[in-house]
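Colleague: I am new to this structure and would like to learn how to read it feature by feature. Please give me the general idea each time, and then the case at hand.

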Amino acid sequence: MAKQRPEPDLDRELDDLPQALRWREWMRRVEVVLFASATPVSREDLARVVGHKVSVDLVLDDLQADLTDRPYEVVKVADGWLLRTRPAYGSVIRAAADIGMQTLDLNEFDVAVMLAIAYHQPITRDGLKNIFGKDISRDLIGRLHDRNLIATGPRSPRRGAPYTFVTTHQFLKTFDLQSLRDLPDREQLDDAGVGVSG
């Protein structure tokens with residue numbers, strides 16, 4: 001649900017413009033909102049900048065088509081949309097831009113733990129221990145949490161009510177997933193030696 005904010009003085013209907021220019025302005029508004037946001041923007045929030053009878057999905061479709069020849073694209077992540085650089089340009093950005101603080105610096109075991117959390121969430125540290133056959137350090141959990149890839153989930157209904165862990169929207173964004181349904185098949189990961197079943 002969209003956060004309650006004061007309504008800005010914004011002409012959403014744009015009745016003084018011809019239809020073609022009105023539609024182009026709505027596309028620009030959606031594009032600039034996506035450009036300015038570091039997190040996925042919901043349909044409800046995008047609807048706040050266009051006319052009340054306008055289909056946000058159609059505006060997004062037209063914006064995606066308009067960006068076909070550009071180095072960035074509109075992508076759906078979880079329940080919202082992002083404007084992001086096309087993967088083909090990742091090496092270009094890494095060669096020229098200062099993105100040192102944005103790198104994840106995760107090793108294979110870190111990724112395996114994150115995937116186990118994704119497949120079994122909400123899961124406790126004991127649940128992770130059962131999967132990997134060893135304790136998962138608080139340090140590793142802290143690193144994944146600091147990178148906003150996992151979060152604390154509901155308390156387990158077991159004795160002592162231990163904390164559980166779940167993945168975040170940032171996890172979906174980082175791994176280019178729209179939802180957890182887009183995760184690779186568990187058997188394929190197990191066959192590849194990642195071992196997230198348990």
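**Helices that cross**

Modeller: Let us begin with α1 and α3, which are roughly perpendicular to each other. The elements are DSSP runs numbered from the N terminus, with helices (H or I) of at least four residues and strands (E) of at least two. Please keep in mind that this is a predicted model, in which local features need pLDDT of at least 70 and side-chain atom pairs count only at pLDDT 80 or more, whereas totals for chains, interfaces and linings use all residues. Residues are numbered from 1 along each chain as its sequence is written, and side-chain values use heavy atoms, with hydrogens and water left out.

Colleague: At what angle do the axes of α1 and α3 cross?

Modeller: Axes are lines fitted to C-alpha atoms, for helices over the stretch in contact, and angles run from 0 to 180 degrees between N-to-C directions. Here the axes of α1 and α3 cross at roughly 80° and come within 9 Å.

Colleague: Which residues of α1 and α3 meet?

Modeller: Contact means heavy atoms within 4.5 Å. From α1 come Trp23, Arg24, Trp26, Met27, Val30, Glu31 and Leu34, and they meet Leu58, Val59, Leu60, Asp62, Leu63 and Asp66 of α3. Sorted by class, this contact of α1 with α3 has nine nonpolar, no polar and four charged residues. In that sorting Ala, Val, Leu, Ile, Met, Phe, Trp, Tyr, Cys and Pro count as nonpolar, Asp, Glu, Lys and Arg as charged, and the others, Gly among them, as polar.

Colleague: Which residues of α3 are buried?

Modeller: A residue is buried under 20% relative accessible area, exposed over 50% and partly exposed in between (1.4 Å probe, protein chains only). In helix α3, which spans residues 56-66, the buried residues are Val56, Val59, Leu60 and Leu63. They lie on the same side of α3 because they cover an arc of only 100° around the axis, the arc being that of the directions from the helix axis to the C-beta atoms. The elements that these buried residues of α3 pack against are α1 (19-36), α2 (43-46), β2 and β3.

**Strands that pair**

Colleague: How many bridges join strand β2 to β3, and in what sense do they pair?

Modeller: Two strands pair if DSSP finds at least two bridges between them. Strand β2, residues 72-77, pairs with β3 over six bridges in the antiparallel sense, and the partner of Tyr72 in β3 is Thr85, while Lys76 stands opposite Trp81. The two strands form a hairpin with two residues between them, and Ala78 in that turn has a positive phi of about 55°. Strand β3 (residues 80-85) also pairs with strand β1 (residues 41-42), in the antiparallel sense and over two bridges, where Ser42 has Gly80 as its bridge partner.

Colleague: How far apart are the axes of α5 and α7?

Modeller: The axes of α5 and α7 are 11 Å apart, and the helices pack at an angle of about 75°, which makes α5 roughly perpendicular to α7. By class, the contact of α5 with α7 has five nonpolar, no polar and two charged residues. On the α5 side are Phe109, Asp110, Val113 and Met114, which meet Leu140, Arg143 and Leu144 of α7.

Colleague: Is Asp110 buried or exposed?

Modeller: Asp110 is buried, since its relative accessible area is 2%. This residue of helix α5 (residues 108-120) touches Asp105, Leu140, Arg143 and Leu144 when residues up to four places away in sequence are not counted. Although Asp110 and Leu144 are 34 residues apart along the chain, their C-alpha atoms are separated by 7.9 Å.

**Backbone details**

Colleague: Where does Asn148 lie, and what is its phi?

Modeller: Asn148 is in the loop between α7 (138-146) and β4 (150-152), and its phi is near 60°, a positive value in a residue other than glycine. It counts as partly exposed because its relative accessibility is 40%. Ala161, in the loop between β4 and β5 (165-167), is likewise not a glycine and has a positive phi of about 45°. With a relative accessible area of 26%, Ala161 is partly exposed.

Colleague: Which peptide bond is cis?

Modeller: The bond from Gln121 to Pro122 is cis, with omega near -5°, and Pro122 lies in the loop between α5 and α6 (125-132).

Key:
Angles under 35 degrees count as roughly parallel, over 145 as roughly antiparallel, 65 to 115 as roughly perpendicular and the rest as oblique.
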